[in-house]
Amino acid sequence: MLCAVPCLKAIAILRIIIITDEHKGSPMHYAAFATFTVAVLAVLNPVGNAAIFIGLTANRSPSEQRNTAYICSIAVAVIMLISVWAGPWMLKAFGISVSA
C-alpha cells in the first residue's frame with residue numbers, strides 16, 4: 001500500500017493540470033482523470049501489494065518497514081516514469097499501435 005505513494009502523487013499532479021487547464025470543469029477532463037485513476041490503481045494493485053508487503057516484512061522492525069516502503073516507492077516511481085518515457089518507443093520498435 002505504501003508503494004502506491006508515487007501513484008497518488010502522480011494523480012494529484014494530473015488533477016492540478018486538469019483543473020488549471022483552460023477548459024476547467026469540463027466533463028471530458030473529469031472522465032479522463034477517472035480513467036487515468038482507475039487504470040493506475042488497476043496496474044499497481046495496492047490492496048494485493050499491501051498483503052505481499054506485510055507478509056514479506058512481518059519480521060522487521062517498524063523503521064525497517066518504513067525504509068523498505070520508501071525504497072519500494074522510489075523504485076515504483078522510477079519504473080513508471082521509464083515506462084511512460086520509453087513506452088511509445090518500445091511500441092513503435094515492435095510495430096504495435098495503441099489502437100491494437
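How many helices and strands does the protein have? And, within α4, where is the bend, and which residues are buried?

Author: The model is predicted, so that local features need pLDDT of at least 70 and side-chain atom pairs count only at pLDDT 80 or more, whereas totals for chains, interfaces and linings use all residues. Residues are numbered from 1 along each chain as its sequence is written, and side-chain values use heavy atoms, without hydrogens or water.

The protein has 4 helices and 0 strands, and its elements follow the order α-α-α-α from the N terminus. Helices here are DSSP runs of H or I with at least four residues, strands are runs of E with at least two, and both are numbered from the N terminus. Of the 100 residues, 18% count as buried, a term that means under 20% relative accessible area; exposed means over 50% and partly exposed lies in between (1.4 Å probe, protein chains only).

Beyond its neighbours within four places in sequence, threonine 57 is in contact (heavy atoms within 4.5 Å) with Gln65 and Thr68.

The helix α4 itself covers residues 62-93. It has 32 residues and spans 44 Å from its first C-alpha to its last, close to the 46 Å expected; that expectation is 1.5 Å times one less than the number of residues. Ala69, Ser73 and Val76 are buried in α4. At alanine 86 the helix bends by about 50°, and proline 88 follows within four residues. The bend is the angle between axes fitted to the seven residues ending at a position and the seven starting there.

Just after α4, glycine 95 adopts a positive phi of about 70°. Valine 98 also lies in the segment after α4, and this valine counts as exposed because its relative accessibility is 77%. Together with Trp89, Met90, Leu91, Phe94 and Ile96, Val98 forms a nonpolar surface patch with about 680 Å² of accessible area. Such a patch joins nonpolar side chains (Val, Leu, Ile, Met, Phe, Trp, Tyr) within 5 Å, or like charges within 9 Å, from residues with over 30% relative accessible area and no salt bridge. A salt bridge is a side-chain nitrogen of Lys or Arg within 4 Å of a carboxyl oxygen of Asp or Glu. The areas come from the Shrake-Rupley method with a 1.4 Å probe, and for residues only the protein chains shown count as cover.
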